[in-house]
Amino acid sequence: NFQQLISKSSELLSENGVLSVIIPFEIGNIFTELAQENQLFLIRKINIKGIENSKIKRLILEFSLLRNELEESEFIIEKSPRQYSDQYLELTKEFHVFKEV
């Protein structure tokens, strides 16, 4: 469960270590509060949307034993249905095989 994951991560992380998770948006605050209770500080947050102008679906959260300024950004997978965003295509370009025309 989340409590076990967080508490064990807090024990095992090195000073420069980072705990990274991808979780549903709805539980982001709960996860962050549990992390803070275990001396893990949110240092990076990426809000993930399936389609531009939609609600946030997932969060990528990164935690550290060291307090740092929070870096927050947004990631959109599709511009419109079945039309991947430039951001997504750039990030995943090594995994796609495109035919030259």
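Let me start with a contact between two helices. F2, Q3, L5 and I6 in α1 meet F31, L34 and A35 in α2. Contact here means heavy atoms within 4.5 Å. The residues of this contact divide into 6 nonpolar, 1 polar and no charged. On that count Ala, Val, Leu, Ile, Met, Phe, Trp, Tyr, Cys and Pro are nonpolar, Asp, Glu, Lys and Arg are charged, and the others, Gly among them, are polar.

A word on the source. This is a predicted model, where local features need pLDDT of at least 70 and side-chain atom pairs count only at pLDDT 80 or more, while totals for chains, interfaces and linings use all residues. Residues are numbered from 1 along each chain as its sequence is written, and side-chain values use heavy atoms, with hydrogens and water left out.

Back to the helices. How do α1 and α2 cross? The crossing is right-handed, that is, the near helix is turned clockwise from the far one by less than a right angle. The axes of α1 (residues 2-12) and α2 come within 9 Å and cross at roughly 40°. Those axes are lines fitted to C-alpha atoms, for helices over the stretch in contact, and angles run from 0 to 180 degrees between N-to-C directions.

Now the core. The largest nonpolar core has 13 residues. By nonpolar core I mean a set of buried Ala, Val, Leu, Ile, Met, Phe, Trp, Tyr and Cys residues joined through side-chain atoms within 4.5 Å. Buried is under 20% relative accessible area, exposed is over 50%, and partly exposed is in between, with a 1.4 Å probe and protein chains only. V21, F31, L40, L61 and F63 have the most contacts inside this core. Which elements each supply at least two residues? They are β1 (18-24), α2 (28-37) and β3 (56-64). Take V21. Not counting residues up to four places away in sequence, V21 touches L5, F31, L59, I60, L61 and F63.

Step back to the whole chain. The secondary structure comes to 3 helices and 5 strands. From the N terminus on, the order is α-β-α-β-β-β-β-α. These are DSSP runs, numbered from the N terminus: helices are H or I with at least four residues, strands are E with at least two.

Why call the chain more spread out than a compact globule? Its radius of gyration is 16 Å, well over the 13 Å that the globule rule gives for 101 residues, so the chain is more spread out than a compact globule. That radius is taken over C-alpha atoms, and the rule is 2.2 Å times the number of residues to the power 0.38. Along the principal axes, the C-alpha atoms fill a box of roughly 55 × 25 × 25 Å. Of the 101 residues, 34% count as buried. Among contacts between residues at least 6 apart in sequence, 65% join residues at least 24 apart.

Next, backbone. Most residues other than glycine have a negative phi. Two residues here have a positive one. Q39 has phi near 65°. Q39 sits in the loop between α2 and β2 (41-51). Is Q39 buried or partly exposed? At 48% relative accessibility, Q39 counts as partly exposed. N53 has a positive phi of about 70°. N53 is in the loop between β2 and β3, and at 74% relative accessibility N53 counts as exposed.

K49 lies in β2. At 14% relative accessibility, K49 counts as buried. K49 touches S54, K55, I56, E74, F75, I76 and I77.

I77 is in β4 (residues 71-80). I77 is partly exposed, at 26%. I77 is in contact with I48, K49, G50, Y84, S85 and Y88. I77 and I48 are 29 residues apart in sequence and 7.6 Å apart in space, C-alpha to C-alpha.

Q87 lies in α3 (residues 86-92). Which residues does Q87 touch? E74, F75 and I76. Q87 is partly exposed, with a relative accessible area of 35%.

And V18, in β1. V18 is in contact with L13, I43, E62 and F63, and is partly exposed at 40%.
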